2 protein chains.
Amino acid sequence: MKATQFFVSTLKEAPADAEIVSHKLMMRAGMIKRLGAGIYNYMPMGLRVIRKVEAIIREEMNAAGAVECLMPVIQPAELWQETGRFDKMGPELLRVKDRHGRDFIVQPTSEEVITDIARQELRSYRQLPKNFYHIQTKFRDERRPRFGLMRGREFTMKDAYSFDRDVDAAGRSYDNMYAAYCRIFDRFGLAYRAVAADTGAIGGDRSHEFQVIADTGEDAIIYCPTSDYAANIELAEALAPQGGRAAASLPLTKTPTPGKSTCADVAELLGLPLTQTVKSLVLATDETDKDGTIVKSQVWLLLVRGDHELNEVKAGKLEGLKGGFRFATVAEIEDHFGCKPGYLGPIGLTAGVKHPVKIIADRTVAHMADFVCGANEADFHLTGVNWGRDLPEPDLVADIRNVVAGDASPDGKGVLAIQRGIEVGHVFYLGTKYSAAMNATFLDETGKPKLMEMGCYGIGVTRILGAAIEQNHDARGIIWPDAIAPFTVVICPIGADRSEDVKAAADKLYGELKALGVDVLLDDRGERPGAMFADWELIGVPHRVVLGDRGLKEGQVEYQGRRDEAATKVAVADVLSFLKQKLA
Amino acid sequence: MKATQFFVSTLKEAPADAEIVSHKLMMRAGMIKRLGAGIYNYMPMGLRVIRKVEAIIREEMNAAGAVECLMPVIQPAELWQETGRFDKMGPELLRVKDRHGRDFIVQPTSEEVITDIARQELRSYRQLPKNFYHIQTKFRDERRPRFGLMRGREFTMKDAYSFDRDVDAAGRSYDNMYAAYCRIFDRFGLAYRAVAADTGAIGGDRSHEFQVIADTGEDAIIYCPTSDYAANIELAEALAPQGGRAAASLPLTKTPTPGKSTCADVAELLGLPLTQTVKSLVLATDETDKDGTIVKSQVWLLLVRGDHELNEVKAGKLEGLKGGFRFATVAEIEDHFGCKPGYLGPIGLTAGVKHPVKIIADRTVAHMADFVCGANEADFHLTGVNWGRDLPEPDLVADIRNVVAGDASPDGKGVLAIQRGIEVGHVFYLGTKYSAAMNATFLDETGKPKLMEMGCYGIGVTRILGAAIEQNHDARGIIWPDAIAPFTVVICPIGADRSEDVKAAADKLYGELKALGVDVLLDDRGERPGAMFADWELIGVPHRVVLGDRGLKEGQVEYQGRRDEAATKVAVADVLSFLKQKLA
């Protein structure tokens with residue numbers, strides 16, 4: 001490609017609404033152009049990256065035996081009503097009426113449509129397993145779209161759906177996709193982790209997020225540097241502390257802590273480590289009648305160590321809480337604890353009183369001795385609190401906190417570390433959630449109808465661009481991995497308008513690289529060297545060859561990799577083999 | 001590709017709602033699957049054709065210097081309000097509100113968005129010409145979607161938009177696209193014609209439809225078999241008959257024609273050729289005040305020969321009618337002609353009467369002598385009517401009829417013929433229609449802002465599939481041209497489950513063809529020969545190789561082209577070179 005036949009459009013400054021580096025750089029590099037909130041034009045430079053991402057996905061999906069199809073953007077509401085998602089999904093689901101007043105949606109995913117296809121097309125166990133995918137425009141009407149392609153409204157997603165005869169076969173389909181995703185992300189040339197994720201109501205252990213590592217990532221990734229353990233923070237298990245609980249050594253003491261309503265403040269006031277304090281969190285669960293009216297509520301006290309954080313996903317799996325919970329109101333707290341929030345604790349809440357509170361202690365808290373907690377009296381805390389001696393053992397001990405760096409790895413093979421990531425892919429075992437809702441059955445070997453076991457597998461195609469840039473950039477701009485760069489090599493001739501030699505040498509190298517199948521761009525715009533270099537460093541082309549009159553007279557050109565500190569002189573005669581080696 | 005790793009799903013019968021052959025065959029061949037009215041899933045077999053069509057378009061667009069981008073499906077209403085199309089377009093434009101109640105549309109085309117991009121990005125004459133295109137999902141909420149992909153609601157279109165500094169440059173961009181379209185349609189392997197089309201209010205002669213020839217086509221294509229003239233019926237000019245008008249030879253006679261209100265009936269009753277009769281069509285134009293109230297109407301009598309048809313597009317370009325016209329009401333007709341429709345004529349409507357009627361005669365009618373027309377009296381016609389003698393010359397003589405086969409070609413190089421076509425592409429010079437509405441200017445050499453001259457160029461990607469099938473099918477199914485077939489070659493082994501030789505030979509040929517880059521499918525489903533052949537003939541794979549035990553023992557396989565009457569025996573040793581020749 002020659003630059004004058006393409007479209008290069010860079011900006012010195014990013015628009016004010018671009019908050020994160022990938023958004024700023026994509027705007028400045030002319031890769032995307034805002035059309036509306038969360039809606040972007042993909043400009044030629046950005047589209048080239050998308051096409052390369054799509055091509056890698058397509059090749060690996062096909063190699064894994066998945067079959068590509070294309071499901072519509074605008075889908076009839078009926079199928080979404082069959083699964084209940086038409087009503088259950090909030091305003092993120094963009095709903096539209098056609099000229100006849102019929103309801104449609106703009107697809108955010110395609111579980112319903114693919115299950116409708118499967119229940120018509122996959123009639124016998126002989127046709128299973130089957131995995132269909134498509135790469136298609138999606139729309140999610142985010143309340144607050146931001147961060148460019150990271151949280152847009154219209155985006156491109158690859159979504160695949162597997163259909164299997166039983167749970168074992170579905171597991172094999174899942175493993176197959178997991179392996180394909182690893183190959184895909186390897187080929188992108190991005191640092192990533194496959195991270196075990198929560199499976200929610202589906203259950204089982206088959207849910208993995210593919211996270212691109214980036215300091216700016218929204219998600220916390222938990223991993224063990226000395227094993228292959230990796231999970232997201234919702235799922236990562238915090239093991240119980242080893243050994244027995246220490247014996248009580250301090251007397252139970254009520255201590256004034258006026259105005260100190262946080263564990264940190266209390267620890268500081270008392271000169272104790274934060275790890276000696278216990279945080280009280282009050283939840284409530286409601287029983288409703290068939291009209292949805294609340295007929296009975298139960299209050300729960302959850303205890304985590306002062307430096308720990310409650311993990312709501314873990315809490316939501318516990319008996320009593322798994323039907324859904326909410327944080328208690330101040331009135332409920334005062335009614336149950338006789339005290340305002342900030343000074344709550346587990347002592348004096350024994351069962352049998354008017355409003356019994358159920359106490360759930362995190363494993364770490366249950367292991368503590370001589371700890372500090374609220375006294376259920378404003379401006380007072382208790383120190384030297386000990387289970388068994390000062391209060392009964394908790395109703396339930398469970399893992400209800402987020403892990404922290406330094407926790408033991410659940411696989412017993414080291415200690416956990418935390419890094420930030422950007423979720424760009426997800427593989428998920430769906431079980432019969434959709435096939436049951438839509439009665440998608442096949443006939444098994446005995447001729448009996450059986451629900452298909454499903455899995456779904458998504459990759460945020462356009463989000464990959466943002467994630468790749470968050471991971472790979474410097475002060476000068478984007479640094480694309482070779483595999484998904486808009487161009488692999490850029491040739492920058494200096495003064496080609498004045499020097500026939502430069503022009504001829506640039507054209508020759510361009511022709512040779514094209515003949516080798518290299519995705520090369522010749523910058524024939526006639527820009528000054530500084531502007532030209534700045535453009536390609538901003539755009540992030542990984543390999544640059546500069547040809548100038550002086551160098552050519554010495555039989556040399558200059559090569560600079562996008563991450564290189566300085567240029568390397570290469571003999572004209574060697575430049576092709578040199579580049580071949582760099583691109584290998 | 002092996003069939004078991006792909007998805008082959010054929011039907012014996014087409015669904016009842018499939019009316020035309022392409023729709024029936026695509027459904028039966030498992031290429032598309034209906035999701036809703038005018039909304040289809042593209043199944044794997046159909047998607048392969050789409051991808052090949054897209055790839056050809058992309059290659060030729062790029063080669064022609066156009067640059068690919070991707071504009072969103074969901075577009076903010078604001079831009080569409082700038083051009084007025086948000087209000088002007090009828091219910092075909094699918095409108096949608098987001099969660100904040102803001103108006104959006106689902107794009108039917110992208111003139112507004114690309115013009116918005118151009119007015120921001122193309123600031124100088126140095127950046128022109130520029131041509132942007134995208135291949136993207138479109139939606140048109142057709143009142144009555146039908147005919148499968150031929151008149152669907154959601155479809156894929158390639159739309160390109162050129163931006164130029166002046167009319168001459170825009171002409172070159174137009175010619176460039178016209179040439180690219182010819183290469184694209186040549187590569188598809190379809191019989192087509194580029195047909196001059198009406199330019200409407202834009203004017204000029206730069207509008208061509210690319211029509212795929214098919215007997216079942218909706219459009220009439222006018223062409224001259226002995227020259228390169230081709231136009232659609234709206235545009236094709238009917239020349240004035242040669243030579244002078246014949247002299248009057250019959251007396252004007254009023255003849256009873258009770259109940260005979262059509263030219264055909266009158267000609268039959270009187271034993272005269274239909275070409276001797278004249279048809280009267282009454283139009284009206286309205287003048288309105290600023291509130292849209294009709295303040296004055298004018299009635300027009302348009303005369304065409306009894307065997308000819310009025311061309312409303314041509315009529316709509318005439319002085320007095322070009323502001324818009326309608327057919328007159330019966331009341332208006334009786335008021336102006338003193339007679340009910342069916343017996344109207346141009347005699348006795350002289351100016352100066354209470355309601356003057358303006359008379360427009362088609363060129364052919366103006367050339368007629370001794371003709372027959374209505375007497376403006378129920379159940380009576382006049383014969384032997386002659387211009388000048390029996391009535392004044394018409395107010396206007398113009399080409400207002402559709403051409404018919406046998407008319408002289410407007411280029412003077414033969415006589416016209418008519419064939420049917422399916423419009424799948426359109427190149428169109430837009431002038432400054434959109435750039436003026438959206439103030440899309442660039443700075444010219446003198447630094448002055450100037451409106452960009454635009455052109456737009458569409459190809460109905462998914463419609464190509466329907467058109468290709470309408471043109472290429474037989475009783476057994478589809479006959480794809482090689483370039484856009486879902487697979488180019490299918491290998492059908494017979495009894496591979498019983499014969500290791502058959503299986504080995506099939507695998508070997510499959511591997512060899514793949515190594516050559518041939519898009520080959522190996523049917524390893526284990527179907528019986530009859531069912532297997534029927535599937536591939538229905539699906540329309542152009543080249544088939546059959547391997548059987550008996551043939552292999554004689555060192556032979558069977559080749560059959562999809563249009564061949566019978567199979568050809570080919571020596572196993574020669575099959576590769578034989579196929580190479582067939583695919584060349």
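Mentor: A residue is called buried when its relative accessible area is under 20%, exposed when that area is over 50%, and partly exposed in between. The model before us is predicted. By this criterion both A:R85 and A:E111 are buried, and of the 584 residues of chain A, 54% count as buried.

Trainee: What makes the contact of A:R85 with A:E111 a salt bridge?

Mentor: The closest N and O atoms of A:R85 and A:E111 are 2.9 Å apart. A side-chain nitrogen of Lys or Arg must lie within 4 Å of a carboxyl oxygen of Asp or Glu, so the arginine and the glutamate qualify at 2.9 Å. The pair links distant parts of the chain, for A:R85 belongs to helix α4 (residues 85-88) and A:E111 to helix α5 (residues 111-121) of chain A, 26 residues apart.

Trainee: How do you know which parts the salt bridge of A:E121 with B:K33 joins?

Mentor: The closest N and O atoms of these two residues are 2.9 Å apart. A:E121 lies in helix α5 of chain A and B:K33 in strand β1 (residues 32-36) of chain B, so this pair joins two chains. Both A:E121 and B:K33 are buried. The side chains of A:K33 and B:E121 also meet in a salt bridge, at 2.9 Å from N to O. Across the interface of chain B and chain A, the rule finds six salt bridges.

Trainee: Why are B:R206 and B:D175 called partly exposed?

Mentor: The relative accessible area of B:R206 is 27%, and that of B:D175 is 42%. B:R206 is in the loop between β9 (192-196) and β10 (207-213) of chain B and B:D175 in helix α6 (residues 167-188) of chain B, so the pair ties together parts that are 31 residues apart in sequence.

Trainee: What makes strand β17 of chain A largely enclosed by the rest of the structure?

Mentor: Strand β17 (residues 357-362) has six residues, five of which are buried, so the strand is largely enclosed.

Trainee: How do you know that β17(A) pairs with strand β15 and with strand β20 of chain A?

Mentor: Five bridges join β15 (residues 294-305) to β17(A), and three join β17(A) to β20 (residues 396-398). Pairing requires at least two bridges, so β17(A) pairs with β15(A) and with β20(A). The strands run parallel in the pairing with β15(A) and in that with β20(A). A:L303 has A:A361 as its bridge partner in β17(A), while A:I360 stands opposite A:L396 in β20(A).

Trainee: Why is the relation of chain B to chain A that of a two-fold axis?

Mentor: A rotation of 180° with 0.1 Å of shift along its axis superposes chain B on chain A, with an RMSD of 0.1 Å; that is the relation of a two-fold axis. The same surface serves both copies, as 100% of the contact residues of chain B recur in chain A. Of the residues of chain B, B:V96 comes closest to the rotation axis, at 2.7 Å for its C-alpha.

Terms used
Residues are numbered from 1 along each chain as its sequence is written. Chains are lettered from A and ligands numbered from 1 in the order in which they are written. This is a predicted model: local features need pLDDT of at least 70, side-chain atom pairs count only at pLDDT 80 or more; totals for chains, interfaces and linings use all residues. Side-chain values use heavy atoms; hydrogens and water are left out. Buried means under 20% relative accessible area, exposed over 50%, partly exposed in between (1.4 Å probe, protein chains only). Helices (H or I, at least four residues) and strands (E, at least two) are DSSP runs, numbered from the N terminus. Copies are superposed by least squares on the C-alpha atoms of residues with pLDDT of at least 70 in both. Contact means heavy atoms within 4.5 Å.
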